Amino acid sequence: MPIQEGTYGLLAEFDTPSDLVRAAQTAYDSGYRRMDCYTPYPVEEAAAAIGFHRDSVSLICLIGGLLGVVAMFSLETWISVWAYPMNIGGRPYYSWPAFIIPAYEWTILFSGLSAAFGMLAVNGLPQVYHPLFNSPNFRSGATSDKFFLCLESTDPKFDVAESRTFLEGFEPVSVVEVEY
Amino acid sequence: MATKDTPVNDPMLDPITGEIRVIGPGHTFKSVTEKISRIVLTPHTPLGWYGGLFLAGGGATLLLIAVTWLFLRGTGIWGITQPVAWGFAIINFVWWIGIGHAGTLISAILLLFKQTWRNSINRFAEAMTIFAVVCAGMFPLIHTGRPWLGYWLFPLPFTMNVWPQFRSPLLWDVFAVSTYATISVVFWYIGMIPDLATLRDNSKSKVGQFFYGMIAMGWRGSVRHWVRYETASLLLAGLSTPLVLSVHTVISFDFAVALVPGWHTTIFPPYFVAGAVYSGFAMVITLAVPIRKFYHLEDIVTIRHIDNMGKVMLVTGLIVAYGYGMEVFMSWYSASHWEYFMMWNRMFGPMGWSYWVLVTCNIALPQLMWLRKFRTNVALMFLMSFVINTGMWFERFVIVVTSLYRDYLPSSWGTYKATRWDYATYVGTLGLFTFLFFLFVRLLPMIPMSELRILLPQAKIHPKDEPLPEAGD
């Protein structure tokens with residue numbers, strides 16, 4: 001990412017999740033799109049208010065799981081039938097019922113790892129630096145007891161003065177201009 | 001379910017439903033954050049913590065000595081011999097991994113069933129899972145005799161072109177347990193990220209800010225992130241549920257696929273899984289009771305939790321009792337001489353006492369948990385948790401030893417006597433487990449703050465037209 005300068009966005013702080021959801025909904029309805037809410041615990045209503053409904057984690061998980069089952073079952077088949085065939089108590093080389101169990105475990109292993117790391121990747125984490133951390137009230141509240149709405153400067157509707165007036169209309173605790 | 005035996009003005013009772021609260025009254029987002037993050041972030045470490053760590057560290061050192069001696073001398077220092085070639089190592093392996101299962105049950109299955117009371121206890125139950133799997137996973141490895149060749153168990157392309165044999169339940173175990181350990185660690189860590197961010201933001205020291213900042217990976221609580229996070233948590237829970245059932249099922253296959261009387265039975269998978277959950281919940285109580293006392297968390301890990309866990313133990317205990325009953329029934333109904341003798345020998349043979357310890361600890365005494373008064377008495381439940389885990393250890397002892405030492409051929413009968421190295425290894429893993437747990441309690445958030453916040457009444461969203469209670473204007 002190139003080094004950016006200027007304003008990242010305007011950050012409004014709220015005391016309750018209800019205030020946040022109301023503000024986010026109104027902002028979305030008035031045409032703001034590049035914005036985000038920050039909450040200390042999952043507030044689904046806030047995500048819905050800013051028009052975020054679907055995520056791709058389930059799909060990533062499914063692909064991972066399918067990879068896992070195919071990988072393990074074919075590995076077992078290749079090993080037991082071609083690479084190292086062994087006669088174990090007269091059972092066939094291709095003993096598929098026995099192969100199900102490791103394949104099942106790898107389905108879970110791959111889909112679990114894909115869900116977890118896929119979620120982090122789609123979220124853009126790890127990302128240790130973020131402009132919002134420059135705002136002192138964000139650092140002390142966003143992961144504890146405060147609720148934030150950030151209108152980002154990349155939004156075509158964004159204007160520092162106008163957007164500030166707009167946010168102050170919701171009577172937030174504070175509105176802070178966040179620098180990059 | 002109103003409680004008549006508790007005073008009406010008890011603050012721990014919900015005035016509307018009359019039930020015992022999941023969290024004590026009067027908590028806010030801030031108080032929850034402060035109460036839990038203070039345990040980790042305080043610069044003053046309680047003396048008791050050092051004392052406990054020292055004792056547990058002594059146990060862990062004993063394990064180190066026992067394992068070092070084992071590596072130098074081989075498995076001959078243990079009591080295993082023919083015909084009992086699976087002694088303490090396998091007993092302890094099954095016991096520890098069973099203990100781990102309650103952590104997954106609490107974090108995964110109760111999440112899927114939307115049992116929000118679990119939010120207070122799931123983090124340390126998950127930690128318990130991981131530390132128990134650490135102890136468990138060690139046993140089969142050191143039991144192989146040449147643990148430095150342990151990588152042979154994995155399908156790796158060696159130059160000598162030897163590959164694992166996939167029809168063996170022992171190999172299935174390798175995949176089940178390694179997957180279980182990996183997924184448990186990932187689930188635990190993903191669940192901890194938002195709380196690590198809280199610790200990062202509340203830490204006053206540079207070291208703390210850096211350490212928690214790095215492992216929180218820059219979590220900032222964006223609702224977009226939260227939506228994906230919730231999906232990932234649900235998926236992990238959904239995956240962990242069949243995983244936890246499969247792990248103990250596969251472990252029971254280690255026995256059930258063999259032809260030894262007392263092992264070769266189809267009831268093993270469900271009865272092993274129920275037994276695992278049973279002992280695991282007992283271990284959660286063993287850990288939760290001192291922790292809530294020591295860190296004054298009585299309003300977060302409440303009597304409601306102890307009561308609910310008592311109910312789960314009662315149910316799983318009854319399933320286990322059914323399993324024992326069925327084993328006895330089948331040894332008669334199968335009309336197999338060997339099965340019949342195995343059961344007679346198990347009950348009245350030279351090691352019959354172990355069967356009766358098991359029946360007393362796992363079936364008889366836990367029936368006291370039918371009484372609500374018993375389930376809501378913390379001290380008694382604490383004692384009961386030890387009784388159950390003793391019983392569950394003896395269950396594995398009975399299955400492993402009393403099936404093996406007298407099977408088909410009387411001329412091959414033998415006996416089993418554990419040596420001091422067997423005991424040292426077992427006590428050592430108890431020490432290691434406690435040691436890791438002490439470190440966890442001091443360094444990481446043991447109660448999920450972000451999930452507790454959801455349980456607070458303030459978290460409720462008021463619809464647009466309804467006036468807010470806080471709106472004073």
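**Domains, strands and the chain contact**

Modeller: Chain A is assigned domain 1 (7–54 + 130–179) and domain 2 (57–122), with bounds from an automatic or database domain assignment. This is a predicted model, where local features need pLDDT of at least 70, side-chain atom pairs count only at pLDDT 80 or more, and totals for chains, interfaces and linings use all residues. Residues are numbered from 1 along each chain as its sequence is written, while chains are lettered from A and ligands numbered from 1 in the order in which they are written.

Colleague: What distance separates the centres of domain 1 and domain 2 of chain A?

Modeller: The centres are taken over C-alpha atoms. For the two domains of chain A, the separation is 44 Å.

Colleague: Why is strand β1 of chain A largely enclosed?

Modeller: Strands here are DSSP runs of E, at least two residues, numbered from the N terminus, and helices are runs of H or I, at least four. A residue is buried if 20 or more other C-beta atoms, placed from the backbone, lie within 10 Å of its own. β1(A), residues 7–14, is largely enclosed by the rest of the structure because of its buried residues, which number seven of the eight.

Colleague: Which residue of β4(A) is the bridge partner of Ala12(A)?

Modeller: Strands pair if DSSP finds at least two bridges between them. β1(A) and β4(A) (residues 174–179) run antiparallel, joined by six bridges. The partner of Ala12(A) is Val175(A).

Colleague: Which element gives the most to the side of chain A that touches chain B?

Modeller: Contact means C-beta atoms, placed from the backbone, within 7 Å. By that rule, 62 residues of chain A are in contact with 59 of chain B. Giving 17 residues, the element is α4(A).

Key: Two residues are in contact if their C-beta atoms, placed from the backbone, lie within 7 Å. A residue is buried if 20 or more other C-beta atoms lie within 10 Å of its own, exposed if 12 or fewer, and partly exposed in between; C-beta atoms are placed from the backbone.
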